[in-house]
Amino acid sequence: MRDGPVLTTGANSGIGLATVIELARRGFDSVGSVRSAAKARAVRSAAREAGVEVRTVILDVGDPSQCRRVIDRLRPFGVVNNAGFGAVGAVEDVSDEDAHAAFETMVFAPIRLARLALPHMRERGGGRIVNISSIYGLTTTPLSGWYQGAKHALEGLSDALRMEVAKDGVRVILIEPGGFDTGIWEDANSEVVKRPASRYQAAYGRLQAGVRVAVRWWATRDRSRR
C-alpha cells in the first residue's frame, strides 16, 4: 500500500514537519503542504538534514480550488490533516471573521481534503485519513473555546466518516496530542497581545504565565534527553 503519496498539511514545523520526515523514513512518498516557497525550502532542508527526501506543494487549505488541484494531481494513498493554529481568546473576544477562519482551517479544510481524496483511495483499494485533533477535542478549558469547538467538530465528523468508509478499506484515524513545544504557543501569545482592552486580561496573564512555565519545562526535558 506504499505505492501512493501521503500528503501532510501544515508541514513547515512541529507535528507536520516531524510527520513528513518520519513518513519518508518509513518508505512513503512523503509530500508536505506549505503556504509559501520559503517554507517549502525550509521543509526540504530539514528533510536533507534528516537524510530523507520530502516533496513539497504550495497549498492554502482554505482554498477549495487549490485543494482539488493538489489532490487530483497527487492521487494520494494517505492524507494527514495537520494544518491549524491556536485560536486563543475568550469566546466573546473572538470576531466572526477569526472564528470562521478557525473552523475553515481545522474543520472544513480537513474534511474537504478527505472528501476529495476518497475516490482516489477507493481506486487503490484503500487508504488512510489521519486527522490531527487535540486533547482539546476531548475536554474544554477557558480562553480557547473556538479552538476547542473546532477540534470537537473534527472529532465528531471523523468518527462518522470512519464508519462510512470502512467498507472501502479506508481507515480514518484521530490523533489527540497533549501539550508540547511547538510554534502554536507563539501563535497563542500573539493572539493575547492583540486584546489589550479585554475584560479577561487577568486570565490571559495567567495563561501566558502557564505557557512560559510549560516551555521552560519542555526545554529542560529536551536537554536531559540528549
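A cavity here is a set of points, on a 1 Å grid over the protein atoms alone, where a 1.4 Å probe fits but cannot get out. Its volume is the space filled by probe spheres set on the points, which are joined across faces, edges and corners. You are looking at a predicted model, where local features need pLDDT of at least 70, side-chain atom pairs count only at pLDDT 80 or more, and totals for chains, interfaces and linings use all residues. Residues are numbered from 1 along each chain as its sequence is written, and side-chain values use heavy atoms, leaving out hydrogens and water.

**Stop 1: the largest cavity**

Select Thr9, Val61, Asn81, Asn82, Ala83, Thr105, Ala109, Pro110 and Leu113, which line the largest cavity; lining residues have an atom within 4 Å of a point. The volume of this cavity is about 40 Å³. Helix H4 (residues 96–124) gives the largest share of the lining, four residues. Helices (H or I, at least four residues) and strands (E, at least two) are DSSP runs, numbered from the N terminus.

**Stop 2: the second largest cavity**

Now pick Asn81, Asn82, Ala83, Met106, Pro110, Ile132, Lys151 and Leu154, the lining of the second largest cavity. About 30 Å³ of space lies in there. H4 and helix H5 (145–165) each contribute at least two lining residues.

**Stop 3: a pocket**

Next comes the second largest pocket, with about 160 Å³ of space. A pocket is an open set of points with protein on both sides within 12 Å along at least five of seven lines.

**Stop 4: two helices crossing**

Finally, show helix H1 (residues 14–25) with helix H2 (residues 37–49): their axes come within 10 Å and cross at roughly 50°. Axes are lines fitted to C-alpha atoms, for helices over the stretch in contact, and angles run from 0 to 180 degrees between N-to-C directions. H1 and H2 are therefore oblique to each other, since angles under 35 degrees count as roughly parallel, over 145 as roughly antiparallel, 65 to 115 as roughly perpendicular and the rest as oblique. Colour Leu17, Val20 and Ile21 of H1 and Val43, Ala46 and Ala47 of H2, which make the contact (heavy atoms within 4.5 Å).
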